[in-house]
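Please look over the structure shown here.

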Amino acid sequence: MNRLIRSSALTWAFGYVLLGIAALAAFAVPLWYAWNVTIFAGREEILRDDAQRLTEVFAHEGVAGLTAHINARVGLQIAGERTLLLTDGAYRPLAGNLSAWPRGVPAGIGMHAVMADLAGQPTHTLLVQTTFPGGYHLLVGRDLSRFLPLERRFTWGLFGAVTFLFVVGVGGAILMRRRLLARVQGIRQTVSAIMQGDLRHRLPTAKSDDEFDTLSQTLNGMLDHIEHLIRGISNVSNSIAHDLRTPLAELRSRLEELATTRPPAAETFAEIDAAVADVDRVMRIFSALLRLAEIDSGARRSGFVRVDAAAVAAEVVEFYEPAAEQKGVLFSFHSAGEAAVAGDPVLLAQAVSNLIDNSLKSVAERGAISVRVGRRADGAVEIAVADDGPGIADADKPKATERFFRGDTSRGTPGVGLGLSIVDAVAKLHGGVLQLLDNHPGLLAQMVLPVTAARSSR
Amino acid sequence: MKILVVEDNERVARFVTRGLRESGHTVEHAANARDGLFMAASEPHDVIVMDRMLPGDIDGLAIIEALRKSGNRTPILILSALNDVDERIRGLRSGGDDYLTKPFAFGELLARVDALGRRSVPGSGERTLQVGDLRMDLLSRRVTRGSRAITLQPREFKLLEYLMRHANQVVTRTMLLEAVWDYNFDPQTNVVDVHISKLRGKLELDSERPLLRTVRNAGYMLCEHE
């Protein structure tokens, strides 16, 4: 019962039932009042007027005149509309439509609403009784029972309406509550299943597009997103675990070998240096991950300034020139003047550096790398790094920016598989995208940075 | 040099103090913020190595601020496990002179401590730098070795200037990246090495005495003497 009371559906339904009854009452009470005051009082007045007129007839024309008048009126009127009776002092009828003075009429002049015995049956009547000089009695009356069925019908109608409201309200509430409970139950079961760790569950949705469906669809969207994120996290942690295992395993075996074989000093120191290099590799992975986390958090946006992407790229190109020269790579840079964006100069430099670094690792000796900075028709700044290396297989392109992903073509080259992830994260931080396209042959990696994005994505 | 190390982690402190002592420095160690502040304020040091996170209610940055407010200008190297750019900026803004992220190679720490302890005061009005027979005119931007003129690209000039200002000190690759290129990220490949070898090619002709030495596991050193 407690649960019934606490159900919001029932509370609402009861509220509406009460409201309906109140509305009915607000309608019926004035009506009842008007009926009683206006109609009843009006009827009394008509009767009094009638009695007054007959009294005047008696005063002017005497008993004979009144008798004739009454007989004429009784002959004209519709039966039962008006009760008229003139009697002598001993209540013997002289004229009118009653055969005898009705029983139950109180003595005395005035108005009475009584159950009078009219024409053999008790009738609810409103009577005006007058006595004329000479002992004559006049009775003018009106049958009240004519309106009784109407009043009764009104009352019954009112009660019927209240009962109907109540039954429909409570019944509807119970039905509604049952339906709501069923829907909520479905959601609750799904959510419990999800809480137990199975993220594949989705809330049931009907095609009805009602409030619950909208809610369910929104929640399902949220679940999709959470599942995606969690899968991403578990992928990343799997990859971290996997990628860290290799250098750590090497380190471990190196140290263990040192401890067991105890080689001469020179060799020991060489091994220690190698061990330090192993640790450095692990640290490198961690710093790259931390940098990624820093970029992803979006905190760097607060430090955005106006940056000339062309100048940033030119500096990075200059930085890499000797390295390219050493490998005999044809390294070219083109820019169409200043390309200002709102951004973080260090991150943009790192992104361009990563792209060039990737290309430099992948191209063969005497290969070619070209860096271009330009503006698109829509004003977006485009930083493109193209090479003629092996490129990235189409199937691998969507995965290339995932953390620790290394395509077949990049296996065997140095690196930890986070370079493109960082570029992608930097592009996203600036409201842009990283596109990996085919350079026929080779890779064309371009960062597209919308000019206003940095401001609008704040 | 007399160096104060304020570091609460025992192992790191031992590693740092031992290494600095072996390199010929006098080292004092404070294991908490109060001792650190007291020691830094009570006697002069050439360099202070300050851990950013210290136990107790005062952290490293607060000590640095307190020292700077009291007029202490000792160069300070901040050690921190926080590698965010913002943290770095906060550290340097509080009055630190250099920022090194843990974990670090000892060579890196030593090189930075040396650089801080012996850095020439900027704006001291020098017009030329000289290391052995290598001369750099900062105004006319001319570089000569003996009587031979050396033509350098602007960036090579900046690189050589930094090396000459830190002559006879080890300069690490990260220090060069930060000072010459203003990059504080890891460029993955040994790009700095390539720049150095190119510069070396211009500085040292076959017949000449080598000037720019590679220090294993640490970086480079521009040497005046053999």
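What is the order of the five strands in the open sheet of chain A?

## Model and numbering

This is a predicted model, in which local features need pLDDT of at least 70, side-chain atom pairs count only at pLDDT 80 or more, and totals for chains, interfaces and linings use all residues. Residues are numbered from 1 along each chain as its sequence is written, while chains are lettered from A and ligands numbered from 1 in the order in which they are written.

Chain A has an average pLDDT (the predictor's confidence in each residue, from 0 to 100) of 82. At least 70 is reached by 92% of the residues. Residues 453–458 of chain A fall below 50. That stretch still has 13 contacts beyond near neighbours in sequence; a contact means C-beta atoms, placed from the backbone, within 7 Å.

## The sheet

The order is E7-E9-E10-E12-E11 (chain A), and the pairing is mixed. Strands (E, at least two residues) and helices (H or I, at least four) are DSSP runs, numbered from the N terminus. Two strands pair if DSSP finds at least two bridges between them.

E7 (330–335) and E11 (433–438) of chain A are the edge strands, each pairing on one side only. From one strand to the next, the twist averages 15°. E11(A) pairs with E12 (residues 443–449) of chain A over six bridges, in the antiparallel sense. A:Val433 has A:Val448 in E12(A) as its bridge partner.

## Helices on the sheet

H7(A) packs on the sheet and touches E9 (368–375), E10 (381–387) and E12 of chain A. Its direction makes about 15° with that of E10(A). H8(A) lies across E11 and E12 of chain A, at about 130° to E11(A). Angles run from 0 to 180 degrees between N-to-C directions, and axes are lines fitted to C-alpha atoms, for helices over the stretch in contact.

H7 (residues 345–362) and H8 (residues 419–429) of chain A also meet: their axes come within 9 Å and cross at roughly 145°. Residues in this contact include A:Leu348 and A:Leu355 of H7(A), and A:Ile422 and A:Val426 of H8(A). By class, the contact has ten nonpolar, four polar and one charged residues. Ala, Val, Leu, Ile, Met, Phe, Trp, Tyr, Cys and Pro count as nonpolar, Asp, Glu, Lys and Arg as charged, and the others, Gly among them, as polar.

## Contact with chain B

In chain A, 22 residues are in contact with 19 residues of chain B. Helices H5 (265–296), H6 (309–327) and H7 of chain A each give two or more residues to this side. The side of chain A that touches chain B has ten nonpolar, six polar and six charged residues.

Notes: Two residues are in contact if their C-beta atoms, placed from the backbone, lie within 7 Å.
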